[in-house]
Amino acid sequence: MDFDLVIRGGEVVDPGSGLLGRMDVGIRGGVIAAVDRSLPTEGIGATLDATGKVVTPGLFDLHTHVYWGATYWGIEPDPLAARTGVTTWLDAGTAGGYSFPGFRRNVIEASEARVFALLNVSAIGLIAPTYELTNLDYCDLGLARQIVDANRDVILGIKARIDANTTRGVGLEPLRLARKLADQVDLPMMVHIGKGPPSLDGIFTQLRAGDILTHCCTGHDNRILEPDGRLRDFVRRAWDEGLVLDVGHGTGSFSYEVAEQMLAAGMAPDIISTDAHQLSIQGPMFDLPTTLSKFLNLGMALPEVIERATARPARAVRRPDLATLRPGAPADVAVFALEEGTYTFRDVFMTARTAKVRLVNRATIRAGKPMAQRPEQSLAPWAELPEHQRVK
Ligand SMILES: [Zn+2]
């Protein structure tokens, strides 16, 4: 048989590999075997008709929390993956040194979706909502190095959340320790910002080219823009040198005001990710297709948006072999409808925007096989949205 599965007649959008236009995607043995204007109709196991649909690499969500059952924030990746087209999940520091072995066995190895991790510089990780860095004894770099070295196949970077609560009383010291750890293990560092202290200029003294700043559209006091909408000077310098700006929408980190100012100044974020967790999946974030739709309706073109959830996140964590439809790559593919209508999207302050299009996932293929829909875990008893985000 030539192909186990052919996704036929869709509009392929894979700007990272330069594959754009109406094409068939042929899959054999769990890998992309061919992408062409017209693949043969004989010798095919199954066909998925994608006429009128958008076919992309399986999405790569660079900021998620998928350590269900052992942490405050974690959700299960597979149910959400199957209905959103996200085949690769980067867990952004939910596990630290003490909890990583359980994350590896119970989530990474047990999930159908592909799961990678950033190791939290705090050994306790995100078992609780916050305060993980306030006791510096938990920033045990020796332990963290051991865990990284034993798990280099799945740990792709280091995570530090730097805001008023996570660091209460210890200032920049945990970030300096995360910097040291990232240098020692030679991996990128993702730093979360929001409410200071520490101040943003202090945080930027520890960032280097190739690091990832997440929550770049935050509307809190550590925002990256001056009041007039220009990038703050030290942000501009770091970005020019290769710092990666990531959205990480979440429950507290996507402001339409900031996103609109950035786009008006021609500064689209490098990567669009969700910060999917127990709270944010209840809305107004919901999922990655919804988050991508917000940027589409802000005027970004579909290929620009898709690249920011496929090739660019893959490159940011040094895995350019993933989230691509290049022949030879793992056959992780997503099929979307681009629906036209009148929709309302909201940022974390519940500021609304009316939208004309939205991306809706129609099929998610992981390693050549369509993912079946499956029931989602009920929300944790503590997973209550902030008062202002509760829709009555
Ligand atoms: Zn997060």
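Among what covers the buried residues of α6 are α5 and β12 (244–246), where contact means heavy atoms within 4.5 Å. The model is predicted, so local features need pLDDT of at least 70 and side-chain atom pairs pLDDT 80 or more, while totals for chains, interfaces and linings use all residues. Residues are numbered from 1 along each chain as its sequence is written, and side-chain values use heavy atoms, without hydrogens and water. Helices (H or I, at least four residues) and strands (E, at least two) are DSSP runs numbered from the N terminus.

**Exercise 1.** Determine which residues of α6 are buried and how they are arranged around the axis.

Step 1. Buried means under 20% relative accessible area and exposed over 50%, with partly exposed in between (1.4 Å probe, protein chains only).
Step 2. In α6 (residues 233–241), Phe-234, Val-235, Ala-238 and Trp-239 are buried.
Step 3. Viewed down the axis, these residues fall within an arc of 135°, so they line one face of the helix; the arc is that of the directions from the helix axis to the C-beta atoms.
Step 4. Asp-233, Arg-237, Asp-240 and Glu-241 are exposed on the other side of α6.

**Exercise 2.** Locate the cis peptide bonds Gly-196 to Pro-197 and Gly-283 to Pro-284.

Step 1. Omega is near 0° for Gly-196 to Pro-197, and Pro-197 sits in the loop between β10 (189–192) and α5 (200–204).
Step 2. Omega is about 5° for Gly-283 to Pro-284; Pro-284 belongs to the loop between α7 (256–264) and α8 (288–297).
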